Amino acid sequence: MATVYSTAYRRLLERLRAARREKGLTQVQVARAFGRPQSFIAKCEAGERRIDAVELARFAEIYGCSMEDLVGGRVAGGAQIAAEGSAPSRSPRQRRSRGRR
């Protein structure tokens with residue numbers, strides 16, 4: 001079955017599972033920390049349930065890492081990686097002047 005998620009989101013899910021395992025936690029233990037059933041964690045990790053920013057922050061807190069560690073948006077030296085499939089960023093001035101010629 002083909003996934004509807006981007007490569008970047010699939011990597012997030014892989015990092016999420018890896019972070020839990022590195023901490024030596026089970027899905028049940030993480031679910032208890034969330035106050036949710038184990039199936040909630042299983043669905044998040046499998047990509048059956050989309051993770052929102054608040055949940056991502058809670059995962060990071062439980063795993064003792066940053067949200068950035070889970071998302072993987074930076075490389076060594078702090079250089080920002082552009083989001084997959086996103087257009088190059090324009091400055092506010094470039095956005096305002098677009099189409100006004």
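Two residues are in contact when they have heavy atoms within 4.5 Å of each other. This is a predicted model, so to speak of its local features we need pLDDT of at least 70, side-chain atom pairs count only at pLDDT 80 or more, and totals for chains, interfaces and linings use all residues. Residues are numbered from 1 along each chain as its sequence is written, and side-chain values use heavy atoms, with hydrogens and water left out.

**Exercise 1.** Find where Glu-45 sits and what is in contact with Glu-45.

*Solution.* Start with the helix: Glu-45 belongs to helix 3, residues 38–46. Helices here are DSSP runs (H or I, at least four residues), numbered from the N terminus. Next, skip the neighbours within four places in sequence; that leaves Leu-13, Leu-16, Arg-17, Arg-20, Gln-27 and Tyr-63 in contact with Glu-45. Finally, pick out Arg-20: its side chain makes a polar contact of 2.6 Å with the side chain of Glu-45. For that, a pair of N or O atoms must lie within 3.5 Å, one able to donate a hydrogen and the other to accept it; residues adjacent in sequence count only if both atoms are side-chain atoms.

**Exercise 2.** Work out which residues of helix 3 are buried, and where they lie around the axis.

*Solution.* Buried means under 20% relative accessible area (1.4 Å probe, protein chains only). Helix 3 has Phe-40, Ile-41, Cys-44 and Glu-45 as its buried residues. Their arc around the axis, taken from the directions to the C-beta atoms, is only 125°, so they lie on the same side of helix 3. They pack against helix 1 (7–22), helix 2 and helix 4 (53–63).

Note on methods. Helix = DSSP H or I, 4+ residues; strand = E, 2+ residues; numbered from the N terminus. Buried < 20%, exposed > 50% of the residue type's maximum accessible area, 1.4 Å probe, protein only.
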